[in-house]
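Thanks for coming. I will go through one chain today, beginning with a single span and ending with a single residue.

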Amino acid sequence: IQKFLQHTCKRNVFLPSRKMLPSTSVNSSVQGNGVLNSRDAARHTAGAKRYKYLRRLFRFRQMDFEFAAWQMLYLFTSPQRVYRNFHYRKQTKDQWARDDPAFLVLLSIWLCVSTIGFGFVLDMGFFETIKLLLWVVFIDCVGVGLLIATLMWFISNKYLVKRQSRDYDVEWGYAFDVHLNAFYPLLVILHFIQLFFINHVILTDTFIGYLVGNTLWLVAVGYYIYVTFLGYSALPFLKNTVILLYPFAPLILLYGLSLALGWNFTHTLCSFYKYRVK
């Protein structure tokens, strides 16, 4: 009897019943086939991400302005570090695009301040400056940005995705973030730094004037092209992203022609701005 009881106890210890085993896996949000369940899949849809982003747009206390300012600084000094953070976001939050609108808010403030400065330099009145501000914010930044982001989103998904990575796609929100990243250095160079040289150097109708002005345009647009290239080359499932650097060739050619023909880009921009607010 004693041997029987010992044998029974050993079986109960080393052979637990199935009811004692846990019924859920470590990651309960993932089904056995590796697919997210319906609740988590809904959280990762484009509509859900867009709703979350827009909802946070009016909650300033939830925005990380310090981190957004850090990104703006490194877009000038080391833009690769900014895109390494996008990799980290993909690993932790399962999305490439920003989920914090702090960068967009700071960019809008920069745009408003610099445009008001532009209006002051061009001797515009109060209402003319407000009209110029509305044009620059809603047409030049938002409208053109939406158009460029949509175009790059279509091109990258249609022609740049690797054949073995067809299950991946470029998020539209990420394409818009790349545009904002590239637009910020262009904005600072053309709408801020250039203001200190417009009246006394650039608009003097001399060779030095359009040399300085057109060089600033070359650097600003070149920055836009380069930061855009870095944004799409950071995605591991894209190929042939080097073609995004090809616009450098016509840009340099246009720069040389403008110097030879005496075409002042900044003078053209100022005339266009004044025509807008009439």
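**Spans, chain, one residue**

Over residues 133-155 the chain is 100% helix and 0% strand, with the end C-alpha atoms 31 Å apart. Helices here are DSSP runs of H or I with at least four residues, strands are runs of E with at least two, and both are numbered from the N terminus. Residues 244-266 are 70% helix and 0% strand, and their end C-alpha atoms lie 25 Å apart.

A word on the source: this is a predicted model, where local features need pLDDT of at least 70 and side-chain atom pairs count only at pLDDT 80 or more, while totals for chains, interfaces and linings use all residues. Residues are numbered from 1 along each chain as its sequence is written, and side-chain values use heavy atoms, leaving out hydrogens and water.

Both spans come from the UniProt record, an unreviewed entry, which places "transmembrane region" at 102-121, 133-155, 182-203, 215-238 and 244-266. Positions are in the numbering used here, feature names are shortened, and annotations may be inferred rather than shown by experiment.

Now the chain: twelve helices and zero strands. Of its 278 residues, 40% count as buried, meaning under 20% relative accessible area with a 1.4 Å probe, protein chains only. Taking contact as heavy atoms within 4.5 Å, 73% of contacts between residues at least 6 apart in sequence join residues at least 24 apart.

Last, is Gln-71 buried or exposed? Gln-71 counts as buried because its relative accessibility is 2%. Gln-71 lies in helix H4, residues 65-77. Leaving aside residues up to four places away in sequence, Gln-71 touches Val-82, Asn-85, Phe-86, Arg-89, Arg-98 and Phe-103.

How values were computed:
Buried means under 20% relative accessible area, exposed over 50%, partly exposed in between (1.4 Å probe, protein chains only).
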